[in-house]
Each structure stands twice: as structure tokens, then as C-alpha cells.
Amino acid sequence: MSNLPPKQVSASISHDHALFTLPHQSHLSINQKQAKTQADSKAAGIIESHKEKTMKNTNAKSTNLPLILLIASLAAVILGGVYLVFNLHTPNQNNGSASLAVETAPPEPTVPVLAPVEPTAPPEPTPAPTAVPAVDPVDFVNSIIDPNQYRTWISQLSGEESVLINGQESKIDTRYSYAMFSGQNNAKAHEYMLQTIRQFIPEEQITVEPYTYVDGMGANTWYNIIVTFPGQTHPEQQVLFTAHYDSCVVFEGNPLEYAPGANDNGTGVATLLEALRAFNQMKFGKTLKLVFFTGEENFQQGSKAYVEQHAGDQIVGVINMDMFGTDKDGDRCLELYVGGLTGSQELANLFLNTIQKHQLNLKADYLISNAYDLADQKSFWEKEIAAITVMENFLPDYSPGGCETGMDRTDHWHLPGDKLEAVNLEYAFDIGRAGIYTVLELAEAQPVTR
Ligand SMILES: [Zn+2]
């Protein structure tokens, strides 16, 4: 939580401000006290440096300490003495005609010397002016999000390190939806998510939405988690930033026992959690919702339920983050599932422009007809809602302008080996940033004042 220290900002502003304005009487007494406490040499230096300013100071008469008079008298005597001894006076600089100056310049410059005593030290910080500069949204986000915290989220979500849930230590061995919502002790990811989100977000902005998934065995009740930041100017328009937090193993092992899902989709969930830590101090023109889906590994049940439950919502764009922690060939190339909707293509173009604008050094495959249709963006496409999914270079694609290699995907997809150690955190964090910055733009994030 590395905030800018507001007091320091205020102090420097009031300091600068005071230097360019006439000191008030209340400042003068403080200054005098300060001046006494400072070393004589330093004070003298400051007096000299301020002489020119203070000669114009019409408030000079407001102090009449004996000290002033003494110095003034001394100055007058010295200057007078100098005048008498050398019969010279200081010509104006850059004035070439010194002989003329001898005739015309009387010794009156001694009079303003009375002034320079008082405006020595800068004034004490006074109550800050309200003009604290607004911070650009991206700069603000950058001051909050943190690669180490990003790593910690993934580590905790994938059972690498234990967590305290309702005061009890446990490990999240699996986030398989069937395990999370049946009370298993090794699958408390839903409780963990809620507890974590509540650290940053007021309760009235958090909703937990149940949905029913009927499979061959019967009905299951699972839950999505939604965090809402109401829009300031266009609240009816909604931008969604989404990630599924369930996991599974398919090709090996038992998902009820162990499915770490560090890459799929710890990378996406951790991105949204980092975003929360910044967004909770920001305002947006449009309504911004961060949606944590479940049931994705069971044919996108969570996002399917969401679009049904929110059929009346005006969703203007969905940025879905899903599994982007593999870059074995080091080309920093990712994959966008764009599809055919014009709105989705505008989102993808904005995402790519954002990468350029912020020099994130990432490239992307841009998949339209051959986009992967087993991710949460598909639920929105089916309702003609603009949406893209951001993923690592998972599918073969040789379109010009994208990734040079056909594909560069995890070796641990839906396997017990999908652990933190296999995640390229630097690459994933930068892709997460691209997603966050894109969302800032889409939701019309406002400059931040604190
Ligand atoms: Zn996934």
C-alpha cells in the first residue's frame, strides 16, 4: 500500500506558495524564532539571498525589533563609510558609463537596507491549499499494484502457501467448483476470495450471486462474486473486468483433491485482485464491475448464468483474463480471442493500442474465426455482447503480425503441475497491467485526488 505521503505533498506546496507571496505577520514571528535557532552563517546567507525580494516588501515596517535597527544602523554606517573613503558608488551593472554615474548616484540605496532582516527562513507549513494535483489514473494504478503481491495472490490461491480463513489456517488445494461449494476443508477458495475482497471493498459494493447448474447427478448451487464501482456520469453503461477462479485437473489426478490452477486461472484472478486495490480509491465515468466467475471448467457455467441473470444490463465491453503465465520462447506474445462482433474488435484494438501506448513490449495473435470457444467470453458473444479473452499463446496461429511461433502454451494445463513455479510472473504481470489499463480507458477512469 504504497501511497504518496499527502503531508509531504502539502508541506512542499505550501512552502513554495509562501516563497512567492508576501509573508503575513503571523509568519514573521515564527520566522524570527526560527532565525534565532539557526546558525548565524546560514541565516546570513539566507538574508543575502532574499535581499532583493524583501526590498520590495511593503510589510517591512511591521516589525521593529532593536535587532533590525541595529543592523540597519550598522549597514548605513558601513555604506556611508565606504562612500566617504572611496568616493565611489556601485554603478548599475551593465552600465558602461561609470564616469557619469559618479555625478548622478547619491548614496540613498542605504535606506531599503532596513528591510532584509525578517523574511529569512521559510514559514512553517500552514494548512495546505486544496490544490493537490490530480494523478493520472495509470500513474495511480502503478503506485498501487505490486508484482510481489501479485505473486502472493497466486501462491495462496494455488495452495502453495497456507492462508488464514476465518481465523483457521488452511491450504487451498483445489478450486474445483464441486469441491468449493460442498464445504470441503481443502477447497475454501470462495471464502478466501470473499475475505480478501472485503479487505479492500465496502460490503455494499460486493454481491454474491448464486446460480444452479444441473448436471447428470442433479442440481448444484454455485456462486459468482461481483464487485461494483458505480459510474459517475454514465452509470447505466457497464464495463466488465472478469476472471474465473475455479480450477480443475482433467488429464491426471482428482480435481476434488488437488487442482492448483496457478496459471489457469491464478494469473487472471490475481490481476483482478491487484486492480481492486487501486480501483477502490478511484472514480469511473461508467459503471465498472469486476466479476469472479466459477464453473468455467464446467463449460462456463458461471458466465452463462451471469448473462442470463443480467439480461437487462447495458454491458458495453468485457475484458476477460484467463491463463497467461507461459512464455517459454520469451517472445512476450499472447493471444486475444476477438471473434466477429465489431464491438469485440474495438475492444481488442484498444487493448493492443494500450500495449503500445504504455510500452509494455507485448505482442498478440488476433483470433477471429478460429478463436477458442471454451472460455468465458463465449457466454457474452452468444448474447452479442462485446467481449475478448486475453490468454497466453495457446493456439496455433500464423497470421501475420502476431506471434512468430505457432503456439507457446503451458505444459501443465489441467494437470497437477499447474503450480506457481511454472508461471512466468513477469510476463503475466505485464499482461495483467495491459488488461487493467485497458479497463481504465473503457470505464473512463478519472484523475485521482487525495
Ligand atoms: Zn481458464
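The largest nonpolar core has 98 residues. Such a core is a set of buried Ala, Val, Leu, Ile, Met, Phe, Trp, Tyr and Cys residues joined through C-beta atoms within 7 Å. F241, L272, F292, L336, I388, V390 and V439 have the most contacts inside it. Helix α14 (residues 425–442) supplies the largest share of this core, 10 residues. The model is predicted: local features need pLDDT of at least 70, side-chain atom pairs count only at pLDDT 80 or more, and totals for chains, interfaces and linings use all residues. Residues are numbered from 1 along each chain as its sequence is written.

Of the 450 residues of the chain, 39% count as buried (20 or more other C-beta atoms within 10 Å of the residue's own, with C-beta atoms placed from the backbone). The chain has 14 helices and 10 strands (DSSP runs, H or I of at least four residues for helices and E of at least two for strands, numbered from the N terminus). Beyond its neighbours within four places in sequence, F292 is in contact with M193, N224, I225, A243, Y245, V269 and L272 (C-beta atoms, placed from the backbone, within 7 Å).

Helix α10 (residues 262–279) meets α14, with axes that come within 10 Å and cross at roughly 55 degrees (lines fitted to C-alpha atoms over the stretch in contact, with angles from 0 to 180 degrees between N-to-C directions). T267, T271, E274 and A275 of α10 make the contact with A428, G432, G435 and I436 of α14.

An open sheet of 8 strands runs in the order β3-β4-β6-β5-β7-β10-β8-β9, with mixed pairing (strands pair if DSSP finds at least two bridges between them). β3 and β9 (363–367) are the edge strands, each with a single partner strand, so one side of each has no neighbour in the sheet. The twist averages 25 degrees from one strand to the next. Helix α9 (residues 189–198) packs on this sheet, touching β3, β4 and β6 (286–293). The direction of α9 makes about 15 degrees with that of β4. Helix α12 (residues 342–357) lies across β7 (314–321), β8 (333–337), β9 and β10 (387–392), at about 45 degrees to β10.

A hairpin joins β3 to β4 through 2 residues. Y213 stands opposite N220 in β4; the bridge partner of T207 in β4 is I226.

Conventions:
Buried ≥ 20, exposed ≤ 12 C-beta atoms within 10 Å, placed from the backbone. Contact = placed C-beta atoms within 7 Å.
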